[in-house]
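Please look over the structure below. A report on some of its contacts follows.

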Amino acid sequence: MGKGSGYGKVILFGEHFVVHGVPGIVSAIDSSTDAEVKKGIKGLNIKDERKTAKGYSEEKRLQQVESIERMLKAMDLDPKTPLDIWIGGTLPGFSGLGASAASSVAIARAISQELNLNLSNEKINAVAYEGEKAYAGNPSGIDNTAATYGGLMWFKKNPAGGQDFVEKIHVKRPIEIVIGSTGKVANTKAMVEGVAERKKANPKKYDPLFKQAENLAVAGRKALESGDLKKVGDLMNENHRLLQEIGVSSKELDLLVDMARKQGAFGAKLTGGGGGGCMVALTPGKDLQGKVASAFKTAGFEFLSTKIGVVTY
Ligand code: PMV
């Protein structure tokens with residue numbers, strides 16, 4: 001049997017904008033998806049035991065099968081190779097946490113081990129990127145990169161399609177965050193396509209927003225590296241406003257963001273594809289983290305208390 005894992009992630013700056021070549025900042029979180037793969041007899045047999053938002057697995061089922069077939073092809077294998085696949089782990093199947101990319105990386109690693117392919121991390125990342133296309137249409141590659149390597153990183157897509165520009169970001173100490181889930185499953189592919197259409201139809205509005213997103217990522221990196229967490233939070237708030245303007249936030253996301261800010265979070269924004277899914281609040285220190293988490297709990301929302309900037313490789 002082959003085994004593999006992939007990290008979940010939160011995007012601190014630049015989701016959606018990264019798809020169009022703007023730099024973004026992403027951090028792996030200490031929850032991962034695990035996969036086990038065994039050669040099968042007929043077709044793909046998938047047992048998905050992840051904890052998920054209601055309807056997540058059903059909504060993603062077809063994309064999941066397409067994703068695995070794409071990955072087999074990218075490994076120069078027959079896309080119809082019979083496999084028994086188990087998926088589980090600590091990363092919940094909430095939209096926005098890179099769960100699809102984490103599962104792609106985990107499955108690619110498990111297939112590589114089961115079939116003795118000995119794939120390098122670079123190859124696993126490239127294979128998972130192919131798998132991500134089934135879920136995101138035209139993904140930036142930020143999710144699979146975080147899922148493969150872990151850590152806190154600066155990411156800029158290579159528009160020519162070659163190696164992306166990735167750099168490790170160092171912070172003085174890991175920083176507490178709370179991730180709040182709206183409980184709503186989102187379709188990343190539809191959200192990414194919607195932004196691309198609106199951008200094309202209205203460059204006068206969108207081009208300056210994309211420029212602002214780039215400035216935010218640059219300033220966000222500086223603030224993270226210098227340990228100015230108040231500033232990081234302010235910039236995250238700004239980033240949420242830009243995401244609202246490009247039409248990817250939702251009523252529930254705005255509600256969770258407001259709730260976190262009222263409890264004293266340094267900053268809060270939606271994270272990932274939006275339109276449902278998750279938001280992230282910057283809550284340095286255990287006390288503040290606990291305060292925001294209990295507000296979410298009281299209001300009946302699921303959440304994950306974790307840290308960014310934990311060195312994982
Ligand atoms: O919702 P998620 O976890 O799949 O994150 C999507 C992030 C986007 O920037 C919207 C798409 C991408 O490929 O970068």
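The side chains of Ser100 and Glu132 are joined by a polar contact of 2.8 Å. A polar contact is a pair of N or O atoms within 3.5 Å; within protein, one must be able to donate a hydrogen and the other to accept it, and residues adjacent in sequence count only if both atoms are side-chain atoms. Ser100 is found in helix 2 (residues 99-114). Helices (H or I, at least four residues) and strands (E, at least two) are DSSP runs, numbered from the N terminus. With a relative accessibility of 12%, Ser100 counts as buried. Buried means under 20% relative accessible area, exposed over 50%, and partly exposed in between (1.4 Å probe, protein chains only). Leaving aside residues up to four places away in sequence, Ser100 touches Tyr56, Glu132 and Tyr135, where contact means heavy atoms within 4.5 Å.

The model is predicted: local features need pLDDT of at least 70, side-chain atom pairs count only at pLDDT 80 or more, and totals for chains, interfaces and linings use all residues. Residues are numbered from 1 along each chain as its sequence is written, and side-chain values use heavy atoms, with hydrogens and water left out.

**Salt bridges**

Side chains of opposite charge can pair when their charged atoms come close. A salt bridge is a side-chain nitrogen of Lys or Arg within 4 Å of a carboxyl oxygen of Asp or Glu. The whole structure holds 16 salt bridges. The table gives three of them.

| Salt bridge | N to O distance |
|---|---|
| Asp48 and Arg50 | 2.8 Å |
| Lys51 and Glu302 | 3.1 Å |
| Glu252 and Lys184 | 2.7 Å |

Asp48 and Arg50 are both buried. Lys51 is partly exposed, at 48% relative accessible area, and Glu302 is partly exposed at 39% relative accessibility.

Glu252 and Lys184 form a salt bridge. Glu252 belongs to helix 8 (residues 251-262) and Lys184 to the loop between strand 7 (175-181) and helix 5 (188-201), so this pair ties together parts 68 residues apart in sequence. Glu252 is buried, with a relative accessible area of 17%, whereas Lys184 is partly exposed at 41% relative accessibility. Elsewhere, salt bridges that share partners join Glu66, Arg70, Glu130 and Lys133 into one network.

**Helix 8**

Which residues of helix 8 are buried? They are Glu252, Leu253, Leu256, Val257, Met259 and Ala260. These residues cover an arc of only 160 degrees around the axis, which puts them on the same side of helix 8; the arc is that of the directions from the helix axis to the C-beta atoms. On the other side of helix 8, Lys251 and Lys262 are exposed. The cover over the buried residues of helix 8 includes strand 7, helix 7 (229-245), strand 8 (267-271), strand 9 (278-282) and helix 9. Just after helix 8, Gly264 has a positive phi of about 105 degrees.

**Ligand**

An oxygen atom of the ligand lies 2.8 Å from a polar side-chain atom of Lys9. For Gly98, a polar backbone atom is 3.0 Å from an oxygen atom of the ligand. For Gly96, a backbone N or O atom lies 3.4 Å from an oxygen atom of the ligand.
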